[in-house]
Amino acid sequence: MEQTPYLKTEIQDERVQFMNALEAKLQYISDVKQAINEDNDRKLFQLLDRKKYLNKIEEQLDAPDNQRDFRMIDDLMESLSHHLAQRLIQYLSEKFPFFYYEEDTRGVYQLYFGNWWDRRHFGLLDPITVNFIFDEDEYEMLSRAVELAEEGRRYHTNVIEDTTKSNEELQKIVDSQNDRDQERAQLQSELEKMGEKPGMFESQENKARREFLKQRLAEIRNADEKALEVPKLIADNNAIILNYSKEDTILIYEQRAINDQFGNFEKFKMAVQTLYHDYVAQLDDQPLSKNGGRIHD
């Protein structure tokens, strides 16, 4: 190229490289389109994340990625997620039969544990990455419940026991009403005989006794006032116990479902970790284009 009078360096002609790059992008788009047309999900996963596919499926640790290519279609993620979810959820219904899904917006799948009453929202399913995104708090509760089950305890055992003891103490306040009534009558009678105010020459012993009577009567009045609140306090505590008991029951259902399917919690965790490999590896692999969708080598 001739040098212009305003430019002191030579401009290289890179049209060939530029056209090759454009052709590669077009080839990637074409391969994605072909994978969808041919319903070839395995090839589609390879095109969406080549590095992950080669690493997990073909065990190539130093595999190059193709995320620059992937970014060309990142505005289609909702549709791609919806497309890939169809076959994936059918597979999961057999491998993880206790998980259920709800597509609240296109391509976004809410994950629920179980189909029983008060089932828990457990996170999200990401069909693009073939991954469960568990709610951290819910998963931690289940994990801890598994540990406690080995000790013969439930997740909410301590708080239920403490609340039950609190109810027992509250009930004692109500049950002792007759005793308080009798004691109050005796104390008031004694105080009336002594008089509300001490005499000029009254002994210290009588003064101390009068103060004790007044203090004890005040304590009885406080107990009577609390007794009026006891039914509501016990009802509130019972609601707490019921709620925690329900949660423990749900956790038992979840553990039973996992054990029925996998044998134990550790095998369940391993199945979650290897989900991408286990699912993608069993998909049919059909060739797309001449280069098998491999571009930007």
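The points below go from the sheet to the helices and then to the pocket.

This is a predicted model. Four strands make an open antiparallel sheet. Helix H6 (residues 136-149) lies across three of them, S2, S3 and S4, and also packs on helix H9 (residues 204-262). The largest pocket draws two or more lining residues from each of H6, H9 and helix H10 (265-273).

**Sheet**

- The strand order is S1-S2-S3-S4, and the pairing is antiparallel.
- Strand S1 (99-105) and strand S4 (131-134) have a single partner strand each, so they are the edges, and one side of each lacks a neighbour in the sheet.
- From one strand to the next, the twist averages 35°.
- Strands of a sheet pair through backbone hydrogen bonds.

**S1 and S2**

- Six bridges join S1 to strand S2 (residues 108-113), in the antiparallel sense.
- Phe-99 stands opposite Phe-113 in S2.
- Tyr-101 has Leu-111 of S2 as its bridge partner.
- The hairpin of S1 and S2 has two residues between the strands.
- Gly-107 in this hairpin takes a positive phi near 85°.

**H6 on the sheet**

- H6 lies across S2, strand S3 (120-126) and S4.
- Its direction is at about 115° to S3.

**H6 against H9**

- The two helices pack at an angle of about 85°, and their axes are 10 Å apart.
- H6 is therefore roughly perpendicular to H9.
- On the H6 side, the contact residues are Met-141, Leu-142, Ala-145, Val-146 and Ala-149.
- On the H9 side, they are Glu-247, Leu-251, Glu-254, Gln-255 and Ile-258.
- By class, this contact of H6 with H9 has seven nonpolar, one polar and two charged residues.

**H9 against H10**

- H9 and H10 pack at about 75°, with axes 8 Å apart.
- H9 is therefore roughly perpendicular to H10.
- Ile-258, Asn-259 and Phe-262 in H9 meet Phe-265, Lys-267, Phe-268 and Ala-271 in H10.
- The contact of H9 with H10 has five nonpolar, one polar and one charged residues.

**Largest pocket**

- Its volume is about 160 Å³.
- H6 gives the most to the lining, with four residues.
- The lining includes Ser-143, Val-146, Glu-147 and Ala-149.
- Glu-150, Gln-255, Ile-258 and Asn-259 are also among the lining residues.
- Phe-265, Glu-266 and Lys-269 line the pocket as well.
- By class, the lining has four nonpolar, three polar and four charged residues.

- Val-146 and Ala-149 meet H9 from the H6 side, and both line the largest pocket.
- Gln-255 is in the contact of H9 with H6 and in the pocket lining.
- Ile-258 of H9 takes part in the contact with H6 and in the contact with H10; Ile-258 also lines the pocket.
- Asn-259 and Phe-265 are in the contact of H9 with H10, and they too line the pocket.

Note on methods
Residues numbered from 1 in each chain as written. Predicted model: local features only at pLDDT ≥ 70, side-chain atom pairs only at ≥ 80, totals over all residues. Heavy atoms only, no water. Pairing = 2+ DSSP bridges. Axes fitted to C-alpha atoms, helices over the stretch in contact; angles between N-to-C directions. Contact = heavy atoms within 4.5 Å. Parallel < 35°, antiparallel > 145°, perpendicular 65-115°, else oblique. Nonpolar A, V, L, I, M, F, W, Y, C, P; charged D, E, K, R; others polar. 1 Å grid on protein atoms, 1.4 Å probe; cavity = no way out; pocket = protein on both sides within 12 Å on 5 of 7 lines; lining within 4 Å. Points joined across faces, edges and corners; volume = space filled by probe spheres on them.
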